[in-house]
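Reader: I've just opened this one and could use a quick tour. Can we go through it in questions and answers?

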Amino acid sequence: MTHAMLKGSNVPLEATTVRAVLRWTPGQGVPDVDVSALLLGPDDRVRSDEDFVFYNQPRHPSGKVWRLGKKRAGDALTDTVQTELSGVGPVVGRILLVASADDVPFDRVRDLRILLYDAAAADADPLAYFDVRPETGEETALICGELYRRGESWKFRALGEGYSNGLEGLATDFGISVDESEEPAEPAEDAATPPEATGAPETTGAPGATGASGAAGATGATEVVPAAPASPPQLPAPVHSPSAPTAPAQPLPPEQPPAVPVQPAYGYPQQAPAAQPAYGYPQPAGAGQGAYGYPQAPAPATVSGAAAGYGFPPPPAVAPDPEFRMPPQGPQFIGR
């Protein structure tokens with residue numbers, strides 16, 4: 001029978017080896033979750049850092065508590081801790097089952113649940129499960145439940161207690177020594193041995209260097225400096241090829257007059273080619289229709305490439321046409 005547990009409730013355990021399975025639904029923006037276990041003594045604190053079973057220390061030295069790793073179960077992910085209750089030493093009174101999310105608040109973790117199984121019964125239903133819900137949503141570590149002694153037997157209690165300072169803050173509260181990253185020791189100076197003799201790279205005064213010798217400090221970096229040559233290389237002087245003398249600047253040409261319009265002004269010579277001759281003047285050769293009232297004549301002679309216009313010398317004499325007749329004149333010309 002599976003017990004659906006509420007916060008603070010507990011159930012007795014008859015199984016000698018149990019698996020605590022932490023399950024959640026992954027997705028966009030959902031952090032990865034890790035399960036851990038802390039073995040607490042009579043004073044509710046760990047006896048040493050070895051009583052902390054987590055991803056960097058997946059097995060307790062006694063061999064009775066260990067992590068099984070993460071698996072995919074359908075649409076969910078799981079992380080599991082297995083405990084052999086019958087082999088846990090009598091000095092251990094509680095085993096905390098913890099979930100952490102890498103400093104990401106648990107309000108972004110969906111469907112978080114802890115399930116307890118009898119490890120000896122394969123494919124059996126869980127003994128109990130508890131849906132873990134953060135109280136504020138800002139928790140980055142949660143004590144999901146605990147296995148605790150009651151006389152000669154064990155029980156499981158649903159807790160759901162959160163920590164906003166992550167797994168590090170939770171572990172510190174129960175006596176775990178959280179080691180900060182240790183700084184490397186400063187190398188000893190050896191004035192008698194130059195760097196060239198030992199083949200070691202010469203250190204420069206980079207950030208973190210200490211002392212007048214420039215030895216690297218805790219956070220300093222070493223830089224390989226090549227040996228200086230006896231005399232610094234001299235770069236050749238730049239060679240300039242001779243260039244032709246520069247011609248003096250020429251003045252700009254005068255501004256050209258605008259183009260002659262297609263249609264000339266009345267009384268001035270027509271520029272070739274002309275689209276339409278002035279009214280009353282002979283039409284140049286090739287035109288389809290002569291001027292009104294005048295016979296069509298061959299193309300007139302040109303002066304400087306243009307047709308002769310009014311006021312200019314006439315073209316050379318041409319033999320008159322014997323068939324030419326003056327057109328009828330109107331009454332305005334009679335009697336004059």
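**Starting from one glutamine**

Author: Let's begin with Gln82, which is buried, with a relative accessible area of 13%. Keep in mind that this is a predicted model.

Reader: Why does Gln82 count as buried?

Author: The cut-off for buried is a relative accessible area under 20%. Gln82 falls under that cut-off, so it counts as buried, and its value is 13%.

Reader: Which strand does Gln82 lie in, and which residues is it in contact with beyond its neighbours within four places in sequence?

Author: Leaving those neighbours aside, Gln82 is in contact with Thr17, Val18, Arg19, Lys64, Val65, Trp66, Leu68 and Ala119. As for the strand, Gln82 lies in E7.

Reader: How do strands E6 and E7 pair, and over how many bridges?

Author: E6 covers residues 65–73 and E7 covers residues 76–84. They form a hairpin with two residues between them, and Gly74 in the turn has a positive phi of about 70 degrees. Across the pair, Val65 stands opposite Thr83 in E7. The sense is antiparallel, and the number of bridges is eight.

Reader: What about the inside: which element gives the largest share of the largest nonpolar core?

Author: That core has 37 residues, and those with the most contacts inside it include Leu22, Ile95, Phe106 and Phe156. Among the elements that give two or more residues to this core are strand E2 (10–13), strand E3 (17–25) and strand E9 (110–118). The largest share is four residues, and it comes from E3.

Reader: How many residues are in the second core?

Author: This core is separate, and it includes Leu40, Phe54, Val98 and Ile176. Its count is 16 residues.

Reader: Which residues of helix H1 are buried?

Author: H1 spans residues 166–173. What covers its buried residues includes strands E4 (34–40), E5 (52–53), E8 (94–100), E11 (141–150) and E12 (153–163). After the helix comes Gly175, whose phi is positive, near 95 degrees. The buried ones are Gly166, Leu167, Gly169, Leu170 and Ala171.

Reader: Zooming out, how many helices and strands does the protein chain have, and what share of its residues counts as buried?

Author: The secondary structure comes to two helices and 16 strands. Among contacts between residues at least 6 apart in sequence, 61% join residues at least 24 apart. The chain exposes about 22,700 Å², with carbon and sulfur atoms supplying 55% of it. Of the 336 residues, the buried share is 29%.

Conventions:
Residues numbered from 1 in each chain as written. Predicted model: local features only at pLDDT ≥ 70, side-chain atom pairs only at ≥ 80, totals over all residues. Heavy atoms only, no water. Buried < 20%, exposed > 50% of the residue type's maximum accessible area, 1.4 Å probe, protein only. Contact = heavy atoms within 4.5 Å. Areas by Shrake-Rupley, 256 points an atom, 1.4 Å probe, with all protein chains shown as cover. Pairing = 2+ DSSP bridges. Core = buried A, V, L, I, M, F, W, Y, C linked by side-chain atoms within 4.5 Å.
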